[in-house]
Amino acid sequence: MAQEVFERYEKKYLLDTPQYHSLICEMVKWMCADQFGRHTISNIYFDTGNFELIRRSIEKPEYKEKVRLRAYGPVSQDSTVFAELKKKAGGIVYKRREALKLKEARDFLYRGICPEPGSQIIKEIDYAIKRWGLLPKAFIAYDRLAFFGREDPELRVTFDRRIRGRRNRLDLAGGDFGTELIQPDQVLMEVKIPGAMPLWMSRRLSELSIFPVSYSKYGMYYKENIYKQGSYREDMMKSSGSWRLNRCGKTDSREGGEYCA
């Protein structure tokens, strides 16, 4: 099982199409597109029955964490996916993840069957799931174009289009369809840096009037498609005791097909 650990600052910017094209023209002087070109990233976000993790995150606490399952490109039963634990403290993002086969990931995250041998990262993710009582709650996908620095490969910039989400078919192999979360002419840019932003980038962002924003893909989906529609109340009722969900999404008397993979 391959493991990866990241520690970095992340800044987000919401661009319109003219800003995007102007910035790309400058970026290609300093950065290279990664080998994958434009590709689709799919995620399953895990949360409590009443969405406690995302509600806490929206309040911008000093410390927050999330658990998700991520895939790159089309997903089949034989695909390699990534179980991730992402934390943010003091403005620094810490991400720990482990590569698993899709079946292993389903058994682990949906049914509580840990892969063997269990690594330290698997133990940390399992602890977070048990501590919070996490269940699969939302699917978020987007089409990404990524760049890395010519001189500093740890400098990464990503551009995400067609950010979309859904609450049904919470399985990475279930397709990448969903409700669109941003306008067709908008692009979400994320700058991922180990330290200070390069001077050329800072200057160009200022010239184009591009400023940081607070934006969470899962948070936006929750606010626009769960909280506003009132469907979170049903989830809160289910988590109040009369609906006791276990790791596979079963209640005392019926199976919650929304959760089981």
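Modeller: Of the 261 residues in the protein chain, 49% count as buried. Here buried means under 20% relative accessible area, exposed means over 50%, and partly exposed lies in between (1.4 Å probe, protein chains only). The model is predicted: local features need pLDDT of at least 70, side-chain atom pairs count only at pLDDT 80 or more, and totals for chains, interfaces and linings use all residues.

Biologist: How do you know how many helices and strands the protein chain has?

Modeller: They are DSSP runs, numbered from the N terminus: helices are H or I runs of at least four residues, and strands are E runs of at least two. By that rule the protein chain has 7 helices and 10 strands.

Biologist: And how confident is the predictor in the protein chain?

Modeller: The score is pLDDT, the predictor's confidence in each residue, from 0 to 100. Its mean over the protein chain is 88, with 87% of the residues at 70 or more. Strand β3 (residues 39-47) has the highest confidence, at a mean of 98, and helix α7 (residues 232-238) the lowest, at 55. Over residues 239-261 the pLDDT is below 50, though this stretch has 49 contacts in the model beyond near neighbours in sequence. Contact, by the way, means heavy atoms within 4.5 Å.

Biologist: Let's look at some residues. Why is glutamate 84 called buried?

Modeller: Because its relative accessibility is 0%, glutamate 84 counts as buried. You will find glutamate 84 in strand β5 (residues 80-89).

Biologist: What makes the pairing of glutamate 84 with arginine 68 a polar contact?

Modeller: The rule asks for a pair of N or O atoms within 3.5 Å; within protein, one must be able to donate a hydrogen and the other to accept it, and residues adjacent in sequence count only if both atoms are side-chain atoms. The side chains of glutamate 84 and arginine 68 are paired at 2.6 Å, so that distance meets the limit of 3.5 Å. A second polar contact, of 3.0 Å, joins the side chains of glutamate 84 and arginine 97. Setting aside residues up to four places away in sequence, glutamate 84 also touches others, including Lys66, Lys95 and Ile125.

Biologist: Which side chain makes a polar contact with aspartate 160?

Modeller: That of lysine 217, at 3.2 Å. Aspartate 160 lies in strand β8 (residues 156-166) and is buried because its relative accessibility is 0%. Among its contacts beyond four places in sequence are Tyr142, Arg144 and Glu190.

Biologist: Arginine 156 lies in strand β8 too. Why does arginine 156 get the label partly exposed?

Modeller: Its relative accessible area is 27%, so arginine 156 is partly exposed. Not counting residues up to four places away, arginine 156 touches several residues, including Met31, Phe148 and Glu190. Arginine 156 and alanine 33 are 123 residues apart in sequence and 9.7 Å apart in space, C-alpha to C-alpha.

Biologist: How do you know there are 0 disulfides?

Modeller: A disulfide is a pair of cysteine sulfur atoms within 2.5 Å, and a search of the whole structure finds 0. Cysteine 32, at 23% relative accessibility, counts as partly exposed, as does cysteine 114, at 27%.

Biologist: Last one: what is the volume of the largest pocket, and which element gives the most to its lining?

Modeller: The volume is about 950 Å³. Of its 41 lining residues, the closest to the centre are Lys12, Lys64, Lys88, Tyr215 and Ser216. Strand β4 (residues 63-72) gives the most to the lining, with 6 residues. On a 1 Å grid over the protein atoms alone, a pocket is an open set of points where a 1.4 Å probe fits, with protein on both sides within 12 Å along at least five of seven lines, and lining residues have an atom within 4 Å of a point. Points are joined across faces, edges and corners, and the volume is the space filled by probe spheres set on them.

Definitions and conventions. Residues numbered from 1 in each chain as written. Heavy atoms only, no water.
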